[in-house]
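Open the model in your viewer and keep the selection panel at hand. The stops below are given in the order to select them.

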Amino acid sequence: MTNRPSPALTRRTFLASAGAVIAAAGGVSPLPAVPRARAAGPREFRLTLGTGSARIAPEPYPETEVWAYNRTVPGPEIRVRQGERLRIVAENGLDEPTTVHWHGMRVPNAMDGVPGVTQDAIAPGDRFVYEFDAVDAGTFWYHPHQRSFEQVARGLSGALVVEEAEPLRVDRDVTWVLDDWRLTEEAAIEGDFGNAHDAIHAGRLGNTVTVNGRIPDRFAVRRGERIRLRLVNVANARIFGLAFAGHEPLVVALDGQPVEPHAPEGGRIVLGPAMRADIVLDMTGRTGERHTVTDTFYEGLEYRLTDLAYGGEALRERTPDWPVALPANPLAEPDLDAAERHEVVFNGGMMAGMRMQGADGREAGSMMAMMREGSFWFINGKAATGTDMEPVLTLRRNRSHIISMVNRTGWYHPMHLHGHSFRVISRNGVPTARREWQDTVLVGPEERVEVALVADNPGDWMFHCHILEHQAAGMMAVIRVA
């Protein structure tokens, strides 16, 4: 599978790869914690959405005007234990409506945060109370589902971590929220949201990459240290392919769900937008050494994300032999033999020809007609034009289902299903090695991916590409569980 460099991204505009900018930046900063109530009952948190400024690019660049949760970019990390109940009061201090979606969390339908489908949008000056149980342990995140192509790009996202009853034994549990910003030369967020070029190509690829809201120069480590590193891709469109030079990351969870511990394919962690990976990283270097973490996904546009910088005395000389396998979450196992089969076909975008076809082979219209209407992407021959959508699929509740996703476009699509996790069981007819549980699966150009699940969470659920410009331009549908 060939990595396609985006026509929207050039070496000249890529600030994150510019040596002067990177060298001036500090280390990877920890995430702030969200304030919470200490009373018995649900764990209460408050998120206030509003405007503010953030030090994204280092001096001498000015601070960047952003939209933020609790005035921080990314938003504060919400961290609870599995089985706890969360009560989150979201207060909208923006001048436009918004919602909060709990990405990857298996929540009741009314708590999913999709305007016009599961709730009314939160009006300016109003608030909405979300309450749900942390059913699964893992790494999740939160973001708006209202004009998300702009609201997320302006800074509205944050990590949500649900710890296991008995977490992995590590020396540090660290979250890296990976983001991608399109900044002007004055470090302001470029205001060209939702333009047609982004919509029909790879989405809003930026020119400045941050970890926890900053351009990082280094991440301080010690020899012998074992770190659980939670990687969260909150970018609108950027796919990350992280290589850890001189180190051997071990993947222990994908999209919050435990997976058989394994070395990543090709030695790098590939994360499409909205995807997460938990890795165990043993620090085997020596004091004074620096080892580069490089993003190599887009050919010819590789850049240094940060360095693992060794300092201080060694914590230990040998790698610890502590267990790394995570306990399974309470997911119903699909019965592949009895599963009902479904197919969804993706069409549209540039490089796909001037005519589209739906799953039944019927013509879906010319590219020029789509461009006039502002719809560029199709699922089974239909483009989403609002929230009042008929289901593209209806899944019988508590039954096993196999969904075959067929990508007839020239672009990658990270496809996300709300309210459920699914097993990825095959790619292009070849069974996957680990049948990993995910909630967002990266489907490559001209690729067919099969996933299996038990449809045990009733309601109308969004199913969409998490390249947010693709979603806004039609690549969104409803899957009904009834």
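Predicted model: local features only at pLDDT ≥ 70, side-chain atom pairs only at ≥ 80, totals over all residues.

H5 gives the most, with 3 residues.

To find the middle of the second largest pocket, pick His145, Gln146, Arg147, Gln471 and Met476, which lie nearest its centre among the 16 lining residues. The volume there is about 320 Å³. Coloured by type, the lining divides into 8 nonpolar, 7 polar and 1 charged.

**Glutamate 150**

Stay on helix H2 (residues 148-151) and select glutamate 150. Is glutamate 150 buried or exposed? Its relative accessibility is 9%, under the 20% cut-off, so glutamate 150 counts as buried. Show side chains: a polar contact of 2.4 Å joins glutamate 150 to arginine 147. Beyond its neighbours within four places in sequence, glutamate 150 is in contact with Trp67 and Phe193.

**The largest pocket**

Now move to the largest pocket, with a volume of about 910 Å³. Strands S14 (250-254), S15 (257-262), S16 (268-271) and S28 (430-431) each give two or more residues to the lining. The largest share, 3 residues, comes from S16.

By type, the lining of the largest pocket holds 16 nonpolar, 5 polar and 6 charged residues. Finish by colouring domain 2 (173-310) and domain 3 (340-481), each of which supplies at least three residues to that lining.

Notes. Residues numbered from 1 in each chain as written. Heavy atoms only, no water. Helix = DSSP H or I, 4+ residues; strand = E, 2+ residues; numbered from the N terminus. Buried < 20%, exposed > 50% of the residue type's maximum accessible area, 1.4 Å probe, protein only. Polar contact = N/O pair within 3.5 Å; in protein donor to acceptor, adjacent residues only side chain to side chain. Contact = heavy atoms within 4.5 Å. 1 Å grid on protein atoms, 1.4 Å probe; cavity = no way out; pocket = protein on both sides within 12 Å on 5 of 7 lines; lining within 4 Å. Points joined across faces, edges and corners; volume = space filled by probe spheres on them. Nonpolar A, V, L, I, M, F, W, Y, C, P; charged D, E, K, R; others polar. Domains from an automatic or database assignment.
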